[in-house]
Amino acid sequence: MTQGKVDALLGIVFGDEGKGKVVDYFTPRYDVVARFAGGPNAGHTIIFEGKKFVLRSIPSGIFDEGKLNIIGNGCVIAPDLFMNEARELETAGYSLIDRLHISRRAHLILPTHRLLDRAYEAAKGKNKVGTTGKGIGPAYSDKAARIGLRVGDILDNFEAKYKALKARHEQILRDLNFTDYDLTETEQEWFAGVEYMRQFQLKDTEVELNKLLREGKSVLAEGAQGSMLDIDHGTYPFVSSSSTTIGGVCTGLGVAPHRIGHVYGIFKAYSTRVGAGPFPVELFDETGNELRRIGHEYGAVTGRDRRCGWVDLVQLKYAIMINGVTDLVMMKSDVLDTFKEIKVCTAYEKAGERTEEMPFDSTGWTAVYETLPGWETPLTEIREEKDFPPAFAAYIAYLERALETPIKIISVSPDREATILR
């Protein structure tokens with residue numbers, strides 16, 4: 001029997017690359033869509049049948065009635081936010097109960113994790129990381145400290161376990177002089193979310209996934225955030241708290257490396273970043289404002305302005321290397337339609353030093369650019385590669401040569417059909 005493969009769909013920049021739309025586009029080709037990392041800090045925006053949805057914890061394959069969706073063990077889940085997200089989908093007509101399985105090994109985000117998130121950020125002062133405040137970091141910290149609560153815990157003597165961990169968190173909050181809070185309403189909603197989760201299939205999803213692979217089923221692993229926010233390989237300490245790279249697929253779903261097939265790396269035709277941290281290509285001028293305005297670059301979860309800049313080959317080469325990217329997916333190409341010139345970052349400079357490789361400490365570097373002609377032609381109605389403006393085709397060819405990786409898919413607008421397979 002032919003063994004199934006896990007193809008991975010990864011954001012390879014700082015998140016917000018448009019993964020949700022691409023997963024939605026790919027879903028018909030796969031039997032299973034599985035989230036392997038992150039939590040409600042990741043907002044995947046999908047426009048489906050004319051309606052806009054922002055998925056935070058639920059895999060983006062949920063709109064296809066025939067597909068199984070899995071929240072893997074590498075994820076963290078806030079029961080109240082999960083409940084609200086799921087109910088919104090149910091109200092819109094998408095049934096979840098039979099098609100969404102949740103790993104018993106996934107960790108829970110408690111209300112006090114959110115308080116800790118805020119308290120830790122406040123204590124850092126001007127060195128804030130710029131977290132979403134959703135409790136992601138503290139939940140992963142408890143996981144690493146081996147004191148966290150998991151989804152499977154809600155099935156056995158849960159209230160006592162909850163009270164013990166809550167008391168531990170509240171002691172830390174007192175130590176941080178963070179005592180001005182009232183959890184009454186939040187806890188009511190949170191425990192309602194726990195009850196809501198009990199009706200789902202809470203499973204050993206790593207066993208289930210490997211059984212499906214042995215049966216020849218195909219799995220699409222959906223990433224959250226981006227490679228440059230990876231806890232190991234990102235711009236530390238301005239990173240997320242999970243493994244957002246290809247290694248996170250194996251650990252976050254319980255599948256072996258040899259099960260990995262294609263690795264699709266998603267990036268925008270330009271660059272964005274939310275929150276603090278080094279960003280050598282950031283534009284502080286009118287061009288940066290135009291990229292933000294045209295691209296609607298505001299966080300799907302936080303609403304924060306995204307920092308904008310030109311495409312960064314130093315960073316992309318690094319992400320392609322560590323992930324073993326086999327195919328690239330370029331999003332939001334149409335945002336560059338009106339620019340007469342387009343720049344590409346080919347190297348970094350600092351204090352007389354120049355590098356084309358990702359530095360250990362990426363703070364203080366400035367971008368070195370090459371300039372290419374813009375296409376100054378609307379792309380949004382184009383559906384075939386043969387209709388690309390010559391300057392746009394040249395931009396694609398330039399990137400492919402520099403990155404030594406084929407750009408297989410190009411998106412020219414948010415709509416599902418505006419996705420061109422080359």
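**Notes on the predicted model**

1. Cys308 is buried, because its relative accessibility is 0%. The model discussed here and in the points below is a predicted one.

2. Cys308 takes part in no disulfide. The nearest cysteine sulfur belongs to Cys345 and lies 15 Å away.

3. A disulfide would require the two sulfur atoms to be within 2.5 Å. By this rule the model has 0 disulfides.

4. Is Cys250 buried or exposed? With a relative accessible area of 18%, Cys250 is buried, because the cut-off for that class is under 20%.

5. His113 belongs to helix 3, which comprises residues 111–124. Its relative accessibility of 1% places His113 among the buried residues. Leaving aside residues up to four places away in sequence, His113 contacts Leu108, Gly135, Pro138, Ala139, Asp142 and His169.

6. Which residues of helix 6 are buried? They are Glu187, Trp190, Gly193, Val194, Tyr196 and Met197. In an α-helix there are 3.6 residues a turn, so residues three or four places apart point the same way.

7. The cover over the buried residues of helix 6 includes helix 2 (79–91), helix 3 and helix 5 (158–175). Strand 6 (76–77), strand 7 (100–103) and strand 9 (201–203) also contribute to this cover.

Notes:
Residues are numbered from 1 along each chain as its sequence is written. This is a predicted model: local features need pLDDT of at least 70, side-chain atom pairs count only at pLDDT 80 or more; totals for chains, interfaces and linings use all residues. Side-chain values use heavy atoms; hydrogens and water are left out. Buried means under 20% relative accessible area, exposed over 50%, partly exposed in between (1.4 Å probe, protein chains only). Helices (H or I, at least four residues) and strands (E, at least two) are DSSP runs, numbered from the N terminus. Contact means heavy atoms within 4.5 Å.
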